[in-house]
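Subject: Handing over a structure

Hi there,

I am passing a structure on to you, and I hope you enjoy looking through it. Please open the sequence and the 3D view first, then read on for what turned up.

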Amino acid sequence: MNAHATESEALLTPSEVATLFRVDPKTVTRWAKAGKLSSIRTLGGHRRYRESEVRDLLNGIPQQRSDS
């Protein structure tokens with residue numbers, strides 16, 4: 001993964017994503033574990049989610065994941 005690409009993109013906390021979808025933050029974590037949403041781990045081990053991916057999912061655009 002290119003670190004420079006993620007530095008410029010806004011990242012959301014599980015709580016912020018949960019608010020957008022009106023679900024519990026633990027549901028967002030389950031989605032990440034199931035592969036429905038990709039997450040980035042901070043140095044402290046916390047999950048963060050790319051805002052663009054979350055917005056696409058919220059708008060119903062299917063994600064094309066590249067596992068490179």
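This is a predicted model: local features need pLDDT of at least 70, side-chain atom pairs count only at pLDDT 80 or more; totals for chains, interfaces and linings use all residues.

Taking a side-chain nitrogen of Lys or Arg within 4 Å of a carboxyl oxygen of Asp or Glu as the rule, the count comes to one salt bridge. Its partners are Arg55 and Glu51, whose side chains meet at 3.5 Å, N to O. Both belong to helix α4 (residues 51–58), and because they are four residues apart there, about one helical turn separates them. How exposed are the two partners? Arg55 is partly exposed, with a relative accessible area of 37%, and Glu51 is also partly exposed, with a value of 26%.

The mean pLDDT of the protein chain is 85, and 78% of the residues reach 70 or more. A stretch to treat with care is residues 1–6, where pLDDT stays under 50. For those residues the model has five contacts beyond four places in sequence.

**The overall layout**

The protein chain has four helices and three strands. Reading from the N terminus, the elements run α-β-α-α-β-β-α. Of the 68 residues in the chain, 25% are buried. Among the contacts with a separation of 6 or more, 46% are between residues 24 or more positions apart.

**The sheet**

In what order do the three strands lie in the sheet? The order is β1-β3-β2, in an open sheet with antiparallel pairing. That puts β1 and β2 at the edges, each with a single partner strand, so one side of each has no neighbour in the sheet.

Here is how the pairings look in detail:

- Strand β1 (residues 11–12) is joined to strand β3 (residues 47–50) by two bridges, and the two run antiparallel. In this pairing, Leu11 stands opposite Arg50 of β3.
- Strand β2 (residues 40–41) is likewise joined to β3 by two bridges, again antiparallel. Here Arg41 stands opposite Arg47 of β3.
- β2 and β3 form a hairpin with five residues between them. Gly45, in the turn, has a positive phi of about 90°.

**The nonpolar core**

Which residues make up the largest nonpolar core? There are nine: Leu12, Val17, Ala18, Val28, Trp31, Ala32, Leu37, Tyr49 and Val54. The elements that give two or more residues to this core are α2 and α3, and α3 gives the most, with three residues.

Val54 touches Leu12, Val17, Leu20, Phe21, Leu37 and Tyr49, leaving aside residues up to four places away in sequence. Ala32 is found in helix α3. At 13% relative accessibility, Ala32 counts as buried, because the cut-off for that is under 20%. With residues up to four places away again set aside, Ala32 touches Leu37, Ser39, Arg47 and Tyr49. Ala32 and Tyr49 are 17 residues apart in sequence, while their C-alpha atoms are 9.0 Å apart in space.

**An aromatic pair**

The structure holds one aromatic pair. It is made by Phe21 and Trp31 and is edge-to-face, with 5.2 Å centre to centre and 80° between the planes. The pair links distant parts of the chain: Phe21 sits in helix α2 (residues 14–21) and Trp31 in helix α3 (residues 25–34), 10 residues apart.

**A residue in the loop**

Last, have a look at Arg22, in the loop between α2 and α3. Its phi is near 60°, a positive value in a residue other than glycine. Is Arg22 buried or exposed? At 79% relative accessibility, Arg22 counts as exposed, because that value lies over the 50% cut-off.

Best wishes

Terms used. Residues are numbered from 1 along each chain as its sequence is written. Side-chain values use heavy atoms; hydrogens and water are left out. Buried means under 20% relative accessible area, exposed over 50%, partly exposed in between (1.4 Å probe, protein chains only). Rings of Phe, Tyr and Trp (its six-membered ring) pair if their centres lie within 6.5 Å; planes under 30 degrees apart count as stacked, over 60 as edge-to-face and the rest as tilted. pLDDT is the predictor's confidence in each residue, from 0 to 100. Contact means heavy atoms within 4.5 Å. Two strands pair if DSSP finds at least two bridges between them. A nonpolar core is a set of buried Ala, Val, Leu, Ile, Met, Phe, Trp, Tyr and Cys residues joined through side-chain atoms within 4.5 Å.
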